[in-house]
Amino acid sequence: MVGLKDIGLAYRKAKVDLYYSSHPSMKSIVEYEGELHQNLSDLLLRINGLDETWVTQPTFLGAWTLAAKSVEMPLEEKGQKNNGNGLIFSSPAEKWDNDCSTLNAQKVAEKPNAVFRVMADCSLDFHVLSALWMMEVGCLFDAKLSSSAYGNRLRRRQKDKAFSKLSLGSFSPYLTPFRNWRDKGIEAMRGALDMGKKVIAVTADVNSFYHELNPGFLESGAFLNEVLGVTLTNEQKKLNRLFITGLEAWAKNTPLGRGIPVGLPASGVIANLALVELDRIIEQQVMPVYYGRYVDDILLIMENGAGFQSKTELWEWLFSRSSGKLGWDKNSEDNNNEIIYQTDYLNACDSKIKFSNDKNKVFSIYGEAGKDLVNSIACHIYKRASEWRAMPHLPHSPEQVGTDLLSATQSDGEAADNLRKADTLTMLRSSFAIKLRDLEAHERDLSPDVWQEHRRAFFRAFTQHVLVLPSFFDLASYLPRIVRLAVACEDFSDLRKIVGSLYFLCDQIKTQCNLSVKSLNVSSIDSDEIFTRWSEKIFQILYESIVSAFPPRLSEKGREDWLIYMAKYSSGFDYISKISWPISAKVFQSEQVRYFSFDLAHTPFRFIGLPAEMVSRRGVPAKNKIVNCTNAEELLNNEHVINGVRKLASWTGIKGVPNGLLFATRPYNLPELFILHREAYSKSGQDDLRKVVLSVRGFRLNNKIPYIDKNGVLQVPDGEKPSKFGVAVCSWKTNINSWVAAAMCAPDPDISRYARLNRLLDSVISQPQHSRYLVLPELALPAHWFIRVARKLQGRGISLISGVEYLHARKSRVHNQVWASLSHDGFGFPSIMIYRQDKQLPALHEEVELRNLAGLKMQPAKKWKTPPIIKHGDFRFAMLVCSELTNISYRAALRGGVDAIFVPEWNQDTETFNALVESAALDVHAYIVQCNDRQYGDSRIRAPFKDSWMRDLLRVKGGVTDYCVIGKIDVKALRRFQSHHRSPSNPFKPVPDGFEITHDRKILPTIEGE
């Protein structure tokens, strides 16, 4: 029998699945979670009850809605090209008007056809039942799929591959499987071509897959027993029956009368299962070079040993090996014959799985020309991946923003990034998404005033080039993000223009277009209903996006702009939507607090617990306004969830068990948890860390957690690394005015600083000579930039060491810290951990200036007597901040125990430090990596080589732009040299008198002359 805690876990997953689905209703989630215990208890009674008819009731099923698909011009449908009167228009709106006028002038009877697709708008109860089905039944089915099925796979534990019930969300992240599906196909083609083989590549996808697939086959005994080999218990059979009955009832209430709900996450699992036999046929009977399926997108690569001369010949060959399950659709009206996939259990539930003829493509690839084609595809993939890896950028001038957006929304000339994509719509969306991502990064990292002109130029370009027909239908999914961006930055005048353009666009669709639904061949729905359902959904999304991002505290200008542009903007709203428009900003703010409390707002709930210097506080309400979960112990397991959340809440200073932590959509990541937990590296604190990670991330930390050993060394597992590796030393300038602003908690006056940093980091990321470490000077970065930068660098395997701006504490105290983001592979996946180290005493000049400027005193948050040592993989190093290098006892404590010392500095006295660095390299007998502010220079890597001309591996000073230089350090050679009882003659200077290498640094020495 299903228990309430099972339902609680199902809701936890369903909420995350729904949040990341297409166009979720945030308001519905808020209302449901507001009475969560009652709602889940009622659902539990129905699931365990004898009556099963409740799954067919409209209140349980919810509704359906429509989403924009495309706009088709009549002349294009007839194979003609509509060139109007030969004019080329700079304005898309003017071009649309001209196209419509041309149709009228040519007396074309048809209007442009606006096509929509049916989408699910299921109830929250249905989503919870769906998640419960995946937890208890769907996971058994999913386990029977082969590794050739890449998309929509359920999340599983690494250790035993069992379904992960505690993880947030049901599915594995989509990006890595998609890349694997695509990249493995390319590598398979390359391998075959390198061996001199002729290759046939086949791409195909299913027509209207979700709309033509009925789920009844999942109750078929033949399918469960013979195909999957799964035996269900009586409870599992009941749950499966309830879910399938609900799906079928939902479909009957749509105009299509069939299919599975697009937008219900479990539909992806069902779609995978429908093609399980096709996977087996191709894997076992065809024996391809490569076969991969991403939901309904198929990529098949075979040797062309049979010498196929036509596409028909190839398909006939495949049909002969499919045991009658693949063949030409004899009932198709298409003269070219569509391909149909059919089995007894699919036919029994009237599912029609046909492969679109215009998307079925066959490529004959051979020889050097074939290699060129594959390399071209790989080049475009790498180029697009590089764009995603790059740091966020804005054009140099606001005038360039419109140009960039126009280029991002033009499909002409774009190259597809794999064989499957014959059209360029995916590339268009990707280009636009990159531009939008850059804007969102600026919104998170900078004050709105700093980049206002660029942002407003983007909104102008968006209304002119995207909020017009037909462009909007291609990019409609990005509307919520753009509205949230405008609201979060208090750009209410631009928001007014966006809403106004949306009204006008809706009116054009209603008056100038025919409206139709994809896959609907009967007139069971009229244009008015199509328009009503679609427009209401659009304006629901608009309203929820405004609520989600509404600032809890408006600035003075924000209040004025709201009153001028939006407060009374209710005229016309009821014309399209049933949603009432609040006049008062306070209504939006109170709703935003509820959205935030349930982790559904634009600003993640976790920001409420992070230090103020690390995140923007614009979207974070007061802690006393957040909502706590009542009856939490009844809904979720204490040992696995509740206890960890309580511990996490105590770290963040929150009382009770907040919904935003218990049912998080964007939980704390591991670097943030390492920052929150002050005892993360002590053995005593690791049990608490394990509990918290299990509760908020859903997996158990193994024994490879970074820890401080009995000798005081921080151990960070990082796999086997080469003995030689690159260290990128940055020549980076922080203006003195930025230092003053950081000391006084004032806005940074250097508006170019963020752009300069991103350009610098892009140069590091794109370097062909990969670095293992990137070093920045003392006080180089605001703390709230650090983790975002570190996670970007992690993608290239680069660890970051940098000073961060002063962290302000109570009683006029500040901390000067150097942070290290270190790559870590101990958990079975790439991650980073954050280590923070305090400068123990201020430099003399620093102490005076802090007191004179703001009456501040610098004190360490964590004191130490001897410099901490970090063992990152097999590399042992220490960090000393600027004037700490002058402390002879610190250098003495490190002698023999480290391979390198990193010294972030902001130091004018380069002559004194020149002598210190040169002597430290010899008396500590280690690599000294000094990174000073660019305006003073002398950043370098110094080594204790015998030959003086070899000692500076790199040394830089001056310049008017920021840059980095990479030097290679050879840790193994240094250790071999130091492991001799008596130092050999080369390549380093002899170790100093009294030098003793620590035991764990010793390796086998090299015999001189080898």
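Predicted model: local features only at pLDDT ≥ 70, side-chain atom pairs only at ≥ 80, totals over all residues.
1. Confidence. The average pLDDT over the protein is 89, and 93% of the residues score at least 70.

2. Three strands make up an open sheet in the order S6-S7-S8, with antiparallel pairing. Strand S6 (326–328) and strand S8 (353–355) are the edge strands, and because each has a single partner strand, one side of each is left without a neighbour in the sheet. On average, and with direction ignored, neighbouring strands of this sheet are turned by 35 degrees against each other. Between S6 and strand S7 (residues 339–341) there are three bridges in the antiparallel sense, and Leu326 has Tyr341 in S7 as its bridge partner.

3. The sheet S4-S5-S3-S9. A further open sheet has four strands, ordered S4-S5-S3-S9 and paired in the antiparallel sense. Here the edges are held by strand S4 (290–294) and strand S9 (361–365), each of which has a single partner strand, so one side of each lacks a neighbour in the sheet.

4. Helix H14 and the two sheets. Helix H14 (residues 311–320) lies across S6 and S7, where it runs at about 140 degrees to S6. H14 also lies across strand S3 (199–204), S5 and S9, and its direction there is at about 95 degrees to S5. Helix H2 and its surroundings. Met26, Ile29, Val30, Tyr32 and Glu33 are the buried residues named for helix H2 (residues 26–34). The buried residues of H2 pack against helix H1 (4–19), helix H3 (36–48), helix H7 (124–142), helix H23 (527–549), helix H26 (585–597) and helix H29 (659–662).

5. The pair H3 and H7. The axes of H3 and H7, both among the helices against which H2 packs, come within 11 Å and cross at roughly 60 degrees. At this angle H3 and H7 are oblique to each other, and H3 passes H7 in a right-handed crossing. The contact is made by Asn39, Leu40, Leu43, Arg46 and Ile47 from H3, which meet Asp125, Val128, Leu129 and Leu132 from H7.

6. The pair H10 and H13. Helix H10 (residues 221–228) and helix H13 (residues 276–286) have axes that come within 11 Å and cross at roughly 30 degrees, and H10 and H13 are therefore roughly parallel to each other. Their crossing is left-handed. Phe223, Val227 and Leu228 of H10 meet Val276, Glu277 and Arg280 of H13.

7. Strand S13 and its partners. Seven of the eight residues of strand S13 (residues 724–731) are buried, and the strand is mostly covered. S13 is joined to strand S25 (residues 963–970) by eight bridges in an antiparallel arrangement, and to strand S14 (residues 771–775) by four bridges in a parallel one. Gly726 takes part in both pairings, with Lys968 as its bridge partner in S25 and Ser771 as its bridge partner in S14.

8. Strand S21. Five of the five residues of strand S21 (residues 900–904) are buried, so this strand is largely enclosed by the rest of the structure. Ala900, Phe902 and Pro904 point one way from S21, while Ile901 and Val903 point the other way, and all are buried. Strand S20 (residues 875–879) runs parallel to S21 and is joined to it by three bridges, with Ala878 standing opposite Ile901.

9. Ile88. This residue is placed in the loop between helix H5 (74–77) and helix H6 (92–105), and its relative accessibility of 84% means that Ile88 counts as exposed. Ile88 and Val804 are 716 residues apart in sequence, and their C-alpha atoms are 52 Å apart in space.

How values were computed:
Residues numbered from 1 in each chain as written. Heavy atoms only, no water. Pairing = 2+ DSSP bridges. Axes fitted to C-alpha atoms, helices over the stretch in contact; angles between N-to-C directions. Contact = heavy atoms within 4.5 Å. Buried < 20%, exposed > 50% of the residue type's maximum accessible area, 1.4 Å probe, protein only. pLDDT = per-residue confidence, 0-100. Parallel < 35°, antiparallel > 145°, perpendicular 65-115°, else oblique. Left-handed = near helix turned anticlockwise from the far one by under 90°.
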